Amino acid sequence: MTDLPLQMLLDAWRDKLSAWASEGLIGRAARQALVLQSEQPRLDELERAWAKGEFSDLPSIELLSKEAMPGAVGAYASSTGTIYLNSDWLK
């Protein structure tokens, strides 16, 4: 991976997520992976929002140094609602 700023990486990822949602691939993958049989209104709501490029329900993402995350590539802190990624891993 190149040394792109985080915002560029997030924008590219959101573009891909939006395309997958527009094609219905997010819902199908979630239903298959989680063996969902019944209606999933929240999943459908998220897929519609992501197809429109609305990502307000996603947690924030921050890059940390490898020293701050020894041995880890990523983590989620429920106390802050933030995903932390090891910046060296992204390289």
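Begin with the whole protein chain, coloured by secondary structure: this predicted model has 4 helices and 3 strands. Followed along the sequence, these elements come in the order α-α-α-β-β-β-α. The chain is more spread out than a compact globule, because its radius of gyration is 15 Å, well over the 12 Å that the globule rule gives for 91 residues. Turn the view along the principal axes, where the C-alpha atoms fill a box of roughly 45 × 25 × 20 Å.

Next, display the surface. The protein chain exposes about 6400 Å², and carbon and sulfur atoms supply 57% of this area. Buried residues account for 26% of the 91 residues. Of the contacts with a separation of 6 or more, 34% join residues 24 or more positions apart.

Now colour the chain by pLDDT. The average is 90, and 96% of the residues score at least 70. Which elements have the lowest and the highest mean pLDDT? Helix H4, residues 87-90, has the lowest at 85, while helix H3, residues 41-51, has the highest at 96.

Select Val-35, in the loop between helix H2 (25-33) and H3. Its backbone deserves attention: Val-35 has a positive phi of about 50°, although it is not a glycine. For comparison, most residues other than glycine have a negative phi. Is Val-35 buried or exposed? Val-35 counts as exposed because its relative accessible area is 58%, and the cut-off for this class is over 50%.

Move on to Glu-45, which is placed in helix H3. Glu-45 has a relative accessibility of 41% and therefore counts as partly exposed. Show the side chains here: those of Glu-45 and Arg-42 are joined by a polar contact of 2.9 Å. Glu-45 and Gly-27 are 18 residues apart in sequence, and their C-alpha atoms are 9.9 Å apart in space.

Finish at Thr-82, in strand E3, which covers residues 82-86. Is Thr-82 buried or exposed? With a relative accessible area of 4%, Thr-82 is buried, since buried means under 20%. Which residues does Thr-82 touch, not counting those up to four places away in sequence? Select Ser-60, Glu-62, Ala-75, Tyr-76 and Ala-77 to see these neighbours. With Ser-60, the side chain of Thr-82 also makes a polar contact, side chain to side chain, at 3.2 Å.

Notes
Residues are numbered from 1 along each chain as its sequence is written. This is a predicted model: local features need pLDDT of at least 70, side-chain atom pairs count only at pLDDT 80 or more; totals for chains, interfaces and linings use all residues. Side-chain values use heavy atoms; hydrogens and water are left out. Helices (H or I, at least four residues) and strands (E, at least two) are DSSP runs, numbered from the N terminus. Buried means under 20% relative accessible area, exposed over 50%, partly exposed in between (1.4 Å probe, protein chains only). A polar contact is a pair of N or O atoms within 3.5 Å; within protein, one must be able to donate a hydrogen and the other to accept it, and residues adjacent in sequence count only if both atoms are side-chain atoms. Contact means heavy atoms within 4.5 Å. pLDDT is the predictor's confidence in each residue, from 0 to 100. The radius of gyration is taken over C-alpha atoms; the globule rule is 2.2 Å times the number of residues to the power 0.38. Accessible areas come from the Shrake-Rupley method with a 1.4 Å probe; for residues, only the protein chains shown count as cover.
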